[in-house]
Amino acid sequence: MKNKKIFCFIAAALTAALSGCTSSASADDNVFQPEAKNDVIITSVPGNSEMRVSFIDVGQADSEFIELPNGETMLIDAGTNETGANAVNYIKSLGYTSIDYVVGTHPHEDHIGGLDDIINTFDIGKVYMPKVTADTKTFEDVLDAVDAKGLTINTAKAGVTILDTEGLSIKMLAPVSNSYENTNDYSAVIKIVYGDTSFLFTGDAEVLAEKQITDDVSADVLKVGHHGSSTSTCDEFLDKVSPKIAVISCGKDNKYGHPNKETLDKLNARGIPYYRTDKLGTITVMSDGQKVWTDNTASESQAPVQTAESEQTAQTYVLNTNSKRIHTPDCTSVAKMSDKNKAYTDEYDKAIAEGYDPCSICNPKG
């Protein structure tokens, strides 16, 4: 590898990144102070367009392609050197020749390996990457592709706003600090809010990075961090996100044992249906600004699943197996319940027959 060349590119790219960053916050050399979180949620919906998020099957890697309701597109990560073609071919199959926003969450090969293929293939608007380098051929290839297209790299960090229009916003919630020992913690964490719905993409952010985020991380859809590793998705973070749907991007029979059983247990304990690319292939989740849904079937999840067709008629109830009470999921009593006492059902009458009584607070049957 030509170290002189790579570090030349690094200096040029990161210098351009600092000048091209859309955040209004100051660039502190030690710790970046994120913006206040009271400007994240936007509730009005622009028209009746759908947003479609594809969690592309790129093996033991990450790649998410977002078709935004305003007609723009966004790609977060692009698989490995070997599976980057999967991302390229999938996007081309949808008829796209350009991508408005491209994010490499952090410089690990399983996230940016195919990024040079993406940049070389499509017309690219803006590129975002965190301010961290890697002395690898993979990273050099990305810088070469950026340079060849005459692009600049915008710094991915907390407080950066990618898009903020009526009813639609894309903001970065992490990385919060400028320096980490673990490259995973540099991961760009991105929240997309469309109407009353929201999506959170976490890259490989681990527990340290999760706990540093001060912005509102609540979301309907969570891209589970680090392929479902036990080093991410701590209880505190998962409770704050409180997703309706979780997606895990991982490779079949991968050597890391991802997703970790501990992570799956956390999702199951909270009744969160999860979807795995190693089991289902590419997974698509849609939003119309009012609700989110997927046509996939949850992977081994013990949680009840609602699809677009069933959402209007099926109702999920939370059972307190200790007090034998039936609650709606948003009942104040549910938040106080121990996970070991929670169960889930959509069969209200069966629960009554088994001796459960309706909660007097939430009145689950109305």
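**Notes on the predicted model**

1. Lys-137 is partly exposed, with a relative accessibility of 49%; here buried means under 20% relative accessible area, exposed over 50%, and partly exposed in between (1.4 Å probe, protein chains only). Its side chain meets that of Asp-141 in a salt bridge, 2.6 Å from N to O. A salt bridge is counted when a side-chain nitrogen of Lys or Arg is within 4 Å of a carboxyl oxygen of Asp or Glu. Asp-141 is buried at a relative accessible area of 18%. Both residues belong to helix 5 (residues 137–148) and are four residues apart, about one turn of the helix.

2. This is a predicted model, in which local features need pLDDT of at least 70 and side-chain atom pairs count only at pLDDT 80 or more, while totals for chains, interfaces and linings use all residues. Residues are numbered from 1 along each chain as its sequence is written, and side-chain values use heavy atoms, with hydrogens and water left out.

3. The mean pLDDT (the predictor's confidence in each residue, from 0 to 100) is 84, and 82% of the residues reach 70 or more. Residues 1–48 have pLDDT below 50, yet beyond near neighbours in sequence this stretch has 103 contacts in the model; a contact means heavy atoms within 4.5 Å. Residues 304–314 are also below 50, with 20 contacts beyond near neighbours in sequence. Where pLDDT is low, the predicted coordinates should not be read in detail.

4. The protein has 11 helices and 19 strands. These are DSSP runs numbered from the N terminus: helices are H or I with at least four residues, strands are E with at least two. Of the 366 residues, 55% count as buried. Among contacts with a separation of 6 or more, 66% are between residues 24 or more positions apart. The accessible surface comes to about 15500 Å², of which 45% belongs to carbon and sulfur atoms; areas come from the Shrake-Rupley method with a 1.4 Å probe, and for residues only the protein chains shown count as cover.

5. Which residues of helix 2 (residues 84–93) are buried? They are Gly-84, Ala-87, Val-88, Tyr-90 and Ile-91. Seen down the helix axis, these buried residues fall within an arc of 165°, so they line one face of helix 2; the arc is taken over the directions from the helix axis to the C-beta atoms. They pack against strands 1 (51–55), 2 (64–67), 3 (73–76), 4 (98–103) and 14 (283–287), and against helix 4 (115–121). Just after helix 2, Gly-95 has a positive phi of about 95°.

6. The whole structure contains 14 salt bridges. In one of them, Lys-171 pairs with Asp-164 at 3.8 Å between the closest N and O atoms. Lys-171 is buried at 5% relative accessibility, whereas Asp-164 is partly exposed at 44%.

7. Arg-270 and Asp-239 form a salt bridge with closest N and O atoms 2.7 Å apart. The pair links distant parts of the chain, 31 residues apart: Arg-270 is in the loop between helix 8 (261–269) and strand 13 (274–276), and Asp-239 is in helix 7 (residues 235–241). Salt bridges with shared partners join Asp-235, Asp-239 and Arg-270 into one network.

8. The search finds zero disulfides, a disulfide being a pair of cysteine sulfur atoms within 2.5 Å. For Cys-359, the closest cysteine sulfur is that of Cys-362, 3.8 Å away and too far for a bond. Cys-359 is buried, with a relative accessible area of 6%.
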